[in-house]
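Q: Please walk me through this model, one feature at a time. I would like to learn how to read each one.

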Amino acid sequence: MDNYNIYRQNPPAGGNANKLVVFLHGYGADGKDLIDLANPFGMALPNASFISPDAPHPCAMSPQGRQWFPIEEIPKGAIKASVGLLDLIENEAKKLNLTFKDVILIGFSQGAMMSMQCLLINHEQLGAIIGYSGALREENIEAANDQILNGKHKFADTPILLVHGEQDEVVPFQSLERSKILLNRIGFNVQTLSRQNLAHGIDPEGISKGMEFLKSLN
């Protein structure tokens, strides 16, 4: 398994965690880029532990940052990278006496693709997915063919929220609808939020929607 540096935050309420939230950063960033989101999301899930691992590889275009897979390997790079990430998630959940069903993945950009890919290929169901400024392609769905029976993914009832800025100059806004259509096609019910004046990023409204989404899981 790859070695990951991990940023952590314990449950705001103290005591044992009943959920594990995993933040997955974007291309060229690192784990500390998202760990502060544990503060607002901790208000929605006060009994959750939060982790934000660095992606395992140095970023080719930003030596100070990290990458889950090389950018030229989109979309298939996510498939291989998700296998190692799922090993890490399983180990972290076991430390807390939790299962995959107790795990929520929150990804941004390349991390959003990773979160969706993990959901699609994992052989156990995840608790929920939030993807900010992400994209999914046909190849990502095809990688999960063994999980799809009669056109429906066996974990199609997993809650999914996708959020995207309409002014995104990195991952085109059209990716939101394309990703939703691909997931709908195999049975997932996807909530979406469009942010009118947002470029490639996460804004307060997107965080608020994510908090509302997480509260609805309880």
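Q: Where is P75 found?
A: Start with the terms: helices (H or I, at least four residues) and strands (E, at least two) are DSSP runs, numbered from the N terminus. P75 sits in the loop between β5 (66-67) and α2 (77-95). This is a predicted model, in which local features need pLDDT of at least 70, side-chain atom pairs count only at pLDDT 80 or more, and totals for chains, interfaces and linings use all residues. Residues are numbered from 1 along each chain as its sequence is written, and side-chain values use heavy atoms, with hydrogens and water left out.

Q: Is the peptide bond from I74 to P75 cis or trans?
A: Read the omega angle. Omega is near 5° for the bond from I74 to P75, and that bond is cis.

Q: How many helices and strands are there in the protein?
A: The protein has 6 helices and 11 strands.

Q: Which strand is joined to β10 by 6 bridges?
A: Two strands pair if DSSP finds at least two bridges between them. Strand β10 (residues 160-165) is joined by 6 bridges to strand β11 (residues 190-195), and the two run parallel.

Q: What do β10, α5 and β11 make?
A: Look along the strands, pointing away from you: a crossover is right-handed if the path from the first strand over the helix to the second runs clockwise. Here β10, helix α5 (residues 174-185) and β11 form a right-handed β-α-β unit.

Q: Is S133 buried or exposed?
A: Buried means under 20% relative accessible area, exposed over 50%, partly exposed in between (1.4 Å probe, protein chains only). S133 has a relative accessible area of 1%, so S133 is buried. The residue lies in the loop between β7 (128-132) and α4 (138-142).

Q: Which residues is S133 in contact with?
A: Contact means heavy atoms within 4.5 Å. Setting aside neighbours within four places in sequence, S133 is in contact with F108, S109, V163, H164, D168, V171, H200 and G201.

Q: What is phi of S133 near?
A: Phi of S133 is near 55°, a positive value in a residue other than glycine. S109 also deserves a look: its phi is near 60°, again positive in a residue other than glycine. S109 is in the loop between β6 (103-108) and α3 (110-121). At 11% relative accessibility, S109 counts as buried.

Q: How many disulfides does the structure hold?
A: A disulfide is a covalent bond between the sulfur atoms of two cysteines. The test is a pair of cysteine sulfur atoms within 2.5 Å. The structure holds 0.

Q: What percentage of the 218 residues is buried?
A: Now view the whole protein. Buried residues make up 56% of the 218. Among contacts between residues at least 6 apart in sequence, 75% join residues at least 24 apart. The C-alpha atoms fill a box of roughly 40 × 40 × 35 Å along the principal axes.
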